[in-house]
Structure formats: C-alpha cells, structure tokens
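The following exercises concern a predicted model. Please work through each task with the sequence and structure at hand before reading the solution.

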Amino acid sequence: MTTPERLFWTWSTAAYARAGVEAACLEAQDVHGLEVNTLLWAVWRAETGRAVVDPVLREALAGARMLLDDVTGPLRALRRSLKDHPDADVLALREGVKALEIGSEQLIQQRLAAAPFRKDFGLRPLAELRRVADAWGAAATPERNACLERLAAAIR
C-alpha cells in the first residue's frame, strides 16, 4: 500500500531534481530563512488537492520547525562544516552525517504529509508557497516573493 508519506517523498525527490528547483529551494532556505521540505509540501499539496486549514498549517509547521531546530539544522551545519575537511576518514563520517540529515528530512516530510486535509483541486502552487512562507514567518520581501515565483515555475 502506498501511503501519503511515501507519495510525498517520491514526489519531492523527483521535483527537487528538476532544473532550477534545487537552486530556488536553497536560496529560499539560505537567504530567506525558509525550510525546503515545507515548501515542497506546499506545492505537493496544491498538485494533489490537499487543502489544510490555518490551524493545521500552523501545527504542521511548528512540528517541522522543532525537527529543524533540534535535529535537521544541527546535522546540516555539521555536514557543511566538514565539507572541505582534509582528513579522508572525517569525510567518510560526513557521509554518515548526510544520511542522518536525509533521514531527518524524511521524518519532517512524513509528519507534514500526515496532516489532515480536505480535497480541493483549486489550490495554486504559488499561493500555497506564499502561504507557507508567511506562516513560517519569513518576511514578504520582493526578493523572497521572486524566489518563490522561480520555485513555482521550476517545479512544474
């Protein structure tokens, strides 16, 4: 049986591989303080007609933020700090850290995908991206909005 969690992970890994998506996601994350998995979730929900009400959105994002702060973020920081390490054994350990980071991202996605929803095939990816970005607390600057527009265009 295919679960929403598995469907979301499969969809997001394919979407992330599309031209321009990774760059837009990393800009959203590193420049605008957003979380990649929540942005992918916004587009996935729009494409699959999974509307969430504001309290559910806030609760899902709070769970994602907790995992980001407690697990994913520290693992990402460690992985990045080891990128150019001169010791080959440390670089091998970095791959293990990367695997843990990916596992923590899968956990974020599992929890997001499990959020209760109602069917609504009128959702628009860019509108859902902005909604998630606003709820995440990222300032609605022209630069942030342009980044979200690039992401929405690339992910199609």
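**Exercise 1. Determine which helices each supply at least two residues of the lining of the largest pocket, and which gives the largest share.**

Solution. 
1. Five helices meet the requirement of at least two lining residues each: α1 (4-16), α2 (21-30), α3, α4 and α5.
2. Among these contributors, α5 provides the largest share, namely five residues.
3. The volume of this pocket is about 460 Å³. Its lining comprises 19 residues, and those closest to the centre are Tyr16, Leu26, Glu101, Ile102 and Glu105.
4. Sorted by class, the lining holds six nonpolar, five polar and eight charged residues.

**Exercise 2. Identify the salt-bridge partner of Glu105 and state which helices the pair links.**

Solution. 
1. The criterion is a side-chain nitrogen of Lys or Arg within 4 Å of a carboxyl oxygen of Asp or Glu.
2. Under the same rule, the structure has a count of twelve salt bridges. Glu105 is also one of the residues closest to the centre of the largest pocket.

**Exercise 3. Describe the largest cavity: how much space lies in it, and which residues line it?**

Solution. 
1. The structure holds one cavity of 30 Å³ or more, and the space in the largest cavity is about 30 Å³.
2. Its lining consists of Trp41, Trp44, Arg45, Arg50, Val52, Leu112, Ala113, Ala115 and Phe117.
3. Two elements give two or more residues to this lining: α3 (36-48) and α5 (88-113). The largest share, three residues, comes from α3.
4. The class division is seven nonpolar, no polar and two charged residues.

**Exercise 4. Characterise the packing of helix α4 against helix α6: what are the angle, the axis separation and the handedness?**

Solution. 
1. Helix α4 (residues 54-81) packs with helix α6 (residues 125-136) at an angle of about 65°, and the two axes are 10 Å apart.
2. The handedness of this crossing is right-handed.
3. On the α4 side, the contact involves Asp54, Leu57, Leu61, Ala64, Arg65 and Leu68; on the α6 side, it involves Arg131, Val132, Ala135 and Trp136.
4. Seven nonpolar, no polar and three charged residues make up this contact.

Methods. Residues numbered from 1 in each chain as written. Predicted model: local features only at pLDDT ≥ 70, side-chain atom pairs only at ≥ 80, totals over all residues. Heavy atoms only, no water. Axes fitted to C-alpha atoms, helices over the stretch in contact; angles between N-to-C directions. Helix = DSSP H or I, 4+ residues; strand = E, 2+ residues; numbered from the N terminus. Left-handed = near helix turned anticlockwise from the far one by under 90°. Contact = heavy atoms within 4.5 Å. Nonpolar A, V, L, I, M, F, W, Y, C, P; charged D, E, K, R; others polar. 1 Å grid on protein atoms, 1.4 Å probe; cavity = no way out; pocket = protein on both sides within 12 Å on 5 of 7 lines; lining within 4 Å. Points joined across faces, edges and corners; volume = space filled by probe spheres on them.
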